[in-house]
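Biologist: I'd like to learn how to read a model like this one. Could you walk me through it, feature by feature?

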Amino acid sequence: MINSSSETILEISDLHASVEDQSILKGVNLRINAGEIHAVMGRNGSGKSTLSKVLAGHPSYKVNKGKVVFLGKDLLSLEPEERSRIGVFLGFQYPVEIPGVSNLEFLRVATNSRRKQLGEEELDTFAFEDLVRSRIKLVQMDPAFLERSVNEGFSGGEKKRNEILQMALLEPVLSILDETDSGLDIDALRIVAAGVNELAKPENAILLITHYQRLLSEITPDFVHVMSSGKIVRTGGCELALELERLGYEWLEEELSSTKQS
Amino acid sequence: MTSQNVVEDLVSQPYKYGFVTDIEAEKITKGITEDVVRLISSKKNEPEFLLDFRLKAYKQWLKMKEPNWAELGYSKLDYQDIIYYSAPKSNQKKQSLDEVDPKLLETFDKLGIPLSEQKRLSNVAVDAVFDSVSIATTYKEQLAEQGVVFCSISEAVNEYPDLVQKYLGTVVPLNDNFFAALNSAVFSDGSFVYIPKGVECPMDLSSYFRINSGDVGQFERTLIIAEDHSSVSYLEGCTAPMFDTNTLHAAVVELVALDEASIKYSTVQNWYSGDENGVGGIYNFVTKRGQCRGHRSKISWSQVETGSSITWKYPSCVLQGKDSVGEFYSVALTNNMQKADTGTKMIHIGPGTRSTIVSKGISAGNSSNSYRGLVQMGPKAVAARNYSQCDSMLIGDKAAANTYPYIRSQNAISSIEHEASTCRISEDQLFYLQSRGIGFEEAVSMMVSGFCRDVFNQLPMEFAAEADKLLALKLEGSVG
């Protein structure tokens, strides 16, 4: 499935970033090609969520050094909305509630901003309803949630389904899914994972940020990266995730420090 | 640029209606005296009763003190430095629009209120008021067929003196407050509406108030009477040019609803609000009150307040009739140095009366935005109910929002509910919308109009779209 000649979607080189003057990312390097699924794992505080926020352009995070190239463009110079329009999608760990803003209208405006960028026709309310009703099946979400305010009063699982619904509508080139498995029971996890698998295509790529292995038994990654203290310290295939699950992050850290000492 | 600055830029948009129409006006000399009051009355050929009314009000006003309890902190007005009457020179009440000075028509065209027959708004009759006088009223004949009277109050004084005499000053007494007394003494023009028994007014009625001269106070007076089983929806819009002096606008609006009558009164107020340092702008000190005199009558106020340097108004309902209903829906947006102290009074007198208050305040810049409301349940207001909801949204960290709910109950079996909330547009909410391809401005505007939705839903359709646009305009600007 992995094709070494496939197009590079994302290339991160020596990325350093901080939040509130605290340095979090300390030289991340990562390359993602079309058709690949990558997983970044690590303990809390290792910097994996920061990586996702930096890629999406959250204003609280400051890039101190390094480069990120997305489809040949300097990603870090773009506003968050521009990143979304050219095909970067961040599935949030904690999607915020936006009272008063209709979910359906929000989804339509978001979808149209991407379509406009792609030179596709913008959808009116009726055409969009047809589209959203077909895509909503993918995440088995009750259409009643379209009539509510964005994420308002949604359960944790419903919020995550709404995120994947957005992914299905925006058809991003790179989907970064930040702890999509957190707060999901096993049934919801399966539904969400099935949705993601359905959306994984040879021409796009997925970056999963996760703490646990359990998501990876539903979505099989091509590469697993382990992050520690703001760096990717090990890269392997999906067997690395299983090893981590069995031995814990401590095992890896001990192993790393012993290699350093030797 | 931090997102903070961007939001501040975003809400600091230039005022679009700040132009001045160059037209010769007949103005009287500055200042107020008994002679000035008499002069205004004689210029308008008013009957004796009205001159008496004005003089009484003037004498009361002299004894009254300018209120200061709202602590709005504005520089004191010099009442002898204001011109109390100004009319475009060419103005004699016109038989047809063709005779109206084209400059005036052009002015209203520019404001988006075309008056000429070819271009006028369909389904809305408009009374256009320029400084002190009404210059044109559209659709008068069509309305007359149904017996509906819609004209300027000056016309009504001469053509329907009995109605005016019967109702004028009965809802807002001439000595009600300092500004109402001043208005009663010198009011120039405004709109008059009379809906006969059983008539559902076939179209929305609308008045558009335009202040043109910088040194002229505007004191309009509106009187709306809805007879038994009748109904009407009335809209009011306002703009003014940009001057670096403060212009006083002290209007009085009186509504009377008889048995099972219903009046819906909507305002979109966009007076010039001064520059970012608070220089200039309109002082909007207004008394608006409706009386539900008949049983099961209903008065509903909805307002979108975006302009004025200082806004001080409390559209109120006196619920006399058994089972009568009062409503107040308000959006007040303040920015820069603007100050707004607005809210309502729901005075429950009759049994079974009900009232609803929904107030949304949005404060940006250094502005301050207060909701002040009174809900009063009289001894006979048994089983009366009130529900109030006051929400504030803060943009930036220098704006202030206050809520002052006053509740008085004189009987044991009425119910009053009050809910209040304050929120801030959070960086995370903005980022969420942005990360879905929605630009910063659009994201702010989506959230603001989402916040105001409960109120916009109450506005007549054309107005709701307008209000949404107006807020978006106030919040629009170059990003980054």
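Biologist: What stands opposite A:Val19 in strand 4 of chain A?

Modeller: Helices (H or I, at least four residues) and strands (E, at least two) are DSSP runs, numbered from the N terminus. Two strands pair if DSSP finds at least two bridges between them. Here A:Val19 sits across from A:Tyr61 of strand 4 in chain A. Next along, A:Ser18 has A:Lys62 as its bridge partner in strand 4 of chain A. Before we go on: this is a predicted model, where local features need pLDDT of at least 70, side-chain atom pairs count only at pLDDT 80 or more, and totals for chains, interfaces and linings use all residues. Residues are numbered from 1 along each chain as its sequence is written, and chains are lettered from A and ligands numbered from 1 in the order in which they are written.

Biologist: Over how many bridges do strand 1 and strand 4 of chain A pair?

Modeller: Strand 1 (residues 8-19) and strand 4 (residues 61-70) of chain A pair over eight bridges, in the antiparallel sense. Strand 1 of chain A also runs antiparallel to strand 2 of chain A, with nine bridges. In strand 2 of chain A, A:Ser18 has A:Ser23 as its bridge partner. Strands 1 and 2 of chain A make a hairpin with two residues between the strands, and A:Glu20 takes a positive phi near 45 degrees there.

Biologist: What is the strand order in the open sheet of four strands in chain A?

Modeller: The order is 2-1-4-5, with antiparallel pairing. Strand 2 (22-33) and strand 5 (73-74) of chain A are at the edges with a single partner strand each, so one side of each has no neighbour in the sheet.

Biologist: Which residue in the turn between strand 11 and strand 12 of chain A has a positive phi?

Modeller: That's A:Ser229, at about 45 degrees, in a hairpin with two residues between the strands. Strand 11 (residues 223-228) and strand 12 (residues 231-236) of chain A pair in the antiparallel sense over five bridges. A:Ser228 has A:Lys231 as its bridge partner in strand 12 of chain A.

Biologist: How do I read chain A as a whole?

Modeller: Start with the count: chain A has seven helices and 12 strands. Radius of gyration is taken over C-alpha atoms, and the globule rule is 2.2 Å times the number of residues to the power 0.38. For chain A the radius is 18 Å, close to the 18 Å the rule gives for 262 residues, so chain A is as compact as a globular protein of that length. Its C-alpha trace spans about 65 × 40 × 40 Å along the principal axes. As for burial, a residue is buried if 20 or more other C-beta atoms lie within 10 Å of its own, exposed if 12 or fewer, and partly exposed in between, with C-beta atoms placed from the backbone. By that test, 44% of the 262 residues of chain A count as buried.

Biologist: Why does B:Val256 count as buried?

Modeller: Because B:Val256 has 23 C-beta neighbours inside 10 Å. B:Val256 lies in strand 11 (residues 252-257) of chain B. Two residues are in contact if their C-beta atoms, placed from the backbone, lie within 7 Å. Leaving out residues up to four places away in sequence, B:Val256 touches B:Tyr167, B:Val171, B:Ile225, B:Ala226, B:Gln291 and B:Arg293.

Biologist: How many residues of helix 10 of chain B are buried?

Modeller: Helix 10 of chain B is mostly covered, with 10 of its 12 residues buried. Among them are B:Phe440, B:Met446 and B:Phe451.

Biologist: How many residues does each chain bring to the contact?

Modeller: Chain B brings 17 residues and chain A brings 21. On the chain B side, helix 9 (427-434) and helix 10 each supply at least two residues, and helix 9 gives the most, with six.

Biologist: And what confidence does the predictor report?

Modeller: For the complex, the predictor gives an ipTM of 0.94 and a pTM of 0.77. pLDDT is the predictor's confidence in each residue, from 0 to 100. Chain B averages 81, and 77% of the residues score at least 70. Over residues 1-11 of chain B the pLDDT is below 50, and that stretch has 27 contacts in the model beyond near neighbours in sequence.
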